[in-house]
Amino acid sequence: MNIQEFLNLMRKYRWLIISVPAITLIITFFFVKNLPKEYKSEAKISTGLLDPSRQVASELQGYSGPDIIIKLNQQFTTIIDVMKMPKNMSLLSYRLIIHDLKNPQAPFKPLSADLKNLSAAQRQEAINLFESRLIKREVLTPLDNNGRLMLYDLVKSMAYDEESLNKKLSISHEQNSDFISVDFLSQNTLLSVFVVNTLSNDFINNYSLDQISNKNTSILVLDSLLQKKEAVMNDRIRQLKDYKIKNGVLNLDKQSQIIYQQITDNENKKSQALIDRQAALAALKSVNEKLDGRYSDKYLGAEVISDNQDIINLKNKIEAAENVYLDGGYKATDKMKVDSLQLLLSSKLLKSNDRYVSDPLVAKQTLVQRRISLGIDLEKTTAGIKDIDRELDKLNAKFTGMVPFDAGVQNYERNADVATKEYLEILSRYNQTSLDKNIGLRLQLVQEGVPTVPESSKKALYMALSMVASFAICFFLLLIIYFLDHSINNAKELKVATKGKVIGELNFIKPKNRDIAKIWEEEHTDQEISLFKDQIRALRFEIDHLLTTSHQKVLGITSLKSSRSPIFTLVGLTYSFASLGKKILLIGNAEIALELEKLKISTNQSIGNILAGSTIVANQSITFLSNDLGGKSLLEKEHEEGIDQTFDGFSEQFDLVIVYLDPVNSISAIKEWIFFTDQYIALFMAGDSIADHDQEKLAQLNEDKKFAGWIISGVKA
């Protein structure tokens, strides 16, 4: 969206934007100047939901955080919705209509035609019917018109029906407040007071009665249910008791716990006995191995045996040597042998005594005693394990025998527990409902409605709103026009739409000022005309420079079909060239001829006659030739060489030849005329649009080397 273009559109329709809100403001003033005064009355109802001083047992127990806010909002919304229900609004309607029927001299509103037409008997009958419905708290509906008196129409005629009252009635709750506000706006301050006070009091009384009635119904239902649940609970407890007595079960959980602990203790004892037994077996095996290996164990005399054998051998040798010594006659050599053997024996004995500090027999005796002790301990441990196994068998048998009883007891206990919980839950709800009935929500009218001064007048507000609304409507209408309008209004838009060159822009001239001679021959203070002259001079320079550079004189001017004629622009451009003292030849149609006749220029010559051999009569500045060829095309009238010679003659005789061509998007022989021009331009009238089927023509223009560009005329500032 181009903001500048939209602002230009608003500037174009500025008088509409100004006049419509102004007219709307005036009309609104006449509508609101006689608005009656309105009086507002307000009553406030305290709910006690947010007042700690009125709460004995909060209804919000069990709620926390955001849940409290949600619960409170639900309660306030419920109260307001109940207050607006048809049954409560009908009671208000009855009281209003009864008041006006009983006080025809001082009604809240002027009596309607329906009430005025009632006879005294009908009036009394209507009062009785409305009072009866009020006592019964019946809802007023259109079906109440079926009797002799059309009760619904009577109420509606006074605008006391639910729909009419709700238009002026407001029931709201302010954030973080314990109060519900009831407001009513009317043209009678007493009516406003009556409505808010009557509606509030009736609602409080009826709401309290409804609450108590609902609580009583709930209490009766809960009491009946409580008795049933109590009977079920007592029956389940009795069944559990009978089962325990029948099976001799005191406290099965405690008994099973004790037996299980005994089993665990015996299992631990057995594990320790098995460990001790295994240790005794290992120790006994080690002792036996030591006793069996005494020939290899030095501590048990394994080396003593070897030494003793050596000593015995030495003693035997000594004895044999002594015998030889005695038998040999006491030879010195034999004596020396005996002595040396004695020395070896002594040395051996000394060595044996030094090696063995302890007696191997003592160690062996100790091992034997240890083996006997370990054997006794092993037998004792084995016997203990057997005793533990027998005890475990007894305990396991006892524990296994308790399983069926335990399953039965659990089943009865579970049933009794479920029945007890259901009973306690119903009992809790019964107690809570009884408590709510006595100390539950109690609405209070803490502030009654009172007569007030009239509300501030809204006349200025209504007038301002009407003005703003009318301006907004105008604004959006212009916005719609902007988006739906595909018209081209300036050179920039034309360049974008055609994708071609724009060589000039001419502003809009009002029809009353379209006198070419006066525009050029007289001085004007009108900015519109001055700007037009400056623009056409700039365009004249561009065209003159374009043709002079190429040494050309024949210029064609075409256009797109438009509801507005481009003739004024064409004649103005022609006149601007003539004002330079140049001789101009203009070839055009009858419409151009009519415009030139206003300038007293002869228009009785045609190019058809010239092609036929006639001689052109040139005027001093502007010469006109009609392009009428008698229904034939240009090439049908004359062959190409002849037409070229004719236009060459025009170029020699005149400074500029302007040929007005048919629109490029029309069905005509325009291409034949373009063929004999040096260059041509196209006129576009501002405010027109380019259709989709014209895009192909535009593309052909842009591709044509003779096409010099576009001129947009009739541009409005």
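1. A word on the annotation before anything else: UniProt positions are given in the numbering used here, feature names are shortened, and annotations may be inferred rather than shown by experiment. With that in mind, the unreviewed UniProt entry carries the annotation "transmembrane region" for residues 12-32 and 460-484. Please also remember throughout that this is a predicted model.

2. What do the two annotated spans look like in the coordinates? Residues 12-32 are 95% helix and 0% strand, and the end C-alpha atoms of this span lie 32 Å apart. Residues 460-484 are 100% helix and 0% strand, with 36 Å between the end C-alpha atoms.

3. Now for the overall picture. The protein chain holds 24 helices and 11 strands. Of its 717 residues, 38% are buried. Among contacts in the chain with a separation of 6 or more, 78% are between residues 24 or more positions apart.

4. How do helices α2 and α14 pack? Helix α2 (residues 14-32) and helix α14 (residues 459-484) meet at an angle of about 150°, and their axes are 8 Å apart. An angle over 145 degrees counts as roughly antiparallel, so α2 is roughly antiparallel to α14. The crossing of α2 past α14 is right-handed.

5. On the α2 side they are L16, I17, V20, P21, T24, L25, T28, F29 and V32, and on the α14 side they are K459, Y462, M463, S466, M467, S470, F471, C474 and L478. Sorted by class, this contact has 13 nonpolar, 4 polar and 1 charged residues.

6. Next, take a look at helix α4 (residues 86-102) against helix α9 (residues 189-246). Their packing angle is about 135°, with axes 10 Å apart, and α4 and α9 are therefore oblique to each other. The crossing is right-handed. From α4 the contact uses K87, N88, M89, L91, L92, R95 and L96, and from α9 it uses L191, F194, V195, T198, L199, D202, F203, N206 and D210. By class, the α4 contact with α9 has 9 nonpolar, 3 polar and 4 charged residues.

7. The α17 residues F532, I536, L539, R540, I543 and D544 meet F568, G572, L573, S576 and F577 of α18. The contact of α17 with α18 has 7 nonpolar, 2 polar and 2 charged residues.

8. Is N507 buried or exposed? At 8% relative accessibility, N507 counts as buried, since buried means under 20% relative accessible area. The C-alpha atoms of N507 and F532 are 5.8 Å apart, while in sequence these two residues are 25 residues apart. Leaving out residues up to four places away in sequence, N507 touches E528, L531, F532, Q535, G714 and V715.

9. H486 makes another pairing I would like to point out. H486 sits in the loop between α14 and α15 (491-498). With a relative accessible area of 61%, H486 is exposed. Its C-alpha atom is separated by 5.9 Å from that of S689, although H486 and S689 are 203 residues apart along the chain.

10. Finally, two backbone details for your checklist. R137, in the loop between α6 (120-136) and α7 (151-157), has a phi near 60°, a positive value in a residue other than glycine. R137 is partly exposed, at 31% relative accessible area. K600 likewise is not a glycine and has a positive phi, of about 60°. K600 belongs to the loop between α19 (590-597) and α20 (607-611), and K600 is exposed, with a relative accessible area of 81%.

Notes: Residues are numbered from 1 along each chain as its sequence is written. This is a predicted model: local features need pLDDT of at least 70, side-chain atom pairs count only at pLDDT 80 or more; totals for chains, interfaces and linings use all residues. Side-chain values use heavy atoms; hydrogens and water are left out. Helices (H or I, at least four residues) and strands (E, at least two) are DSSP runs, numbered from the N terminus. Axes are lines fitted to C-alpha atoms, for helices over the stretch in contact, and angles run from 0 to 180 degrees between N-to-C directions. Angles under 35 degrees count as roughly parallel, over 145 as roughly antiparallel, 65 to 115 as roughly perpendicular and the rest as oblique. A crossing is left-handed if the near helix is turned anticlockwise from the far one by less than a right angle, and right-handed if clockwise. Contact means heavy atoms within 4.5 Å. Ala, Val, Leu, Ile, Met, Phe, Trp, Tyr, Cys and Pro count as nonpolar, Asp, Glu, Lys and Arg as charged, and the others, Gly among them, as polar. Buried means under 20% relative accessible area, exposed over 50%, partly exposed in between (1.4 Å probe, protein chains only).
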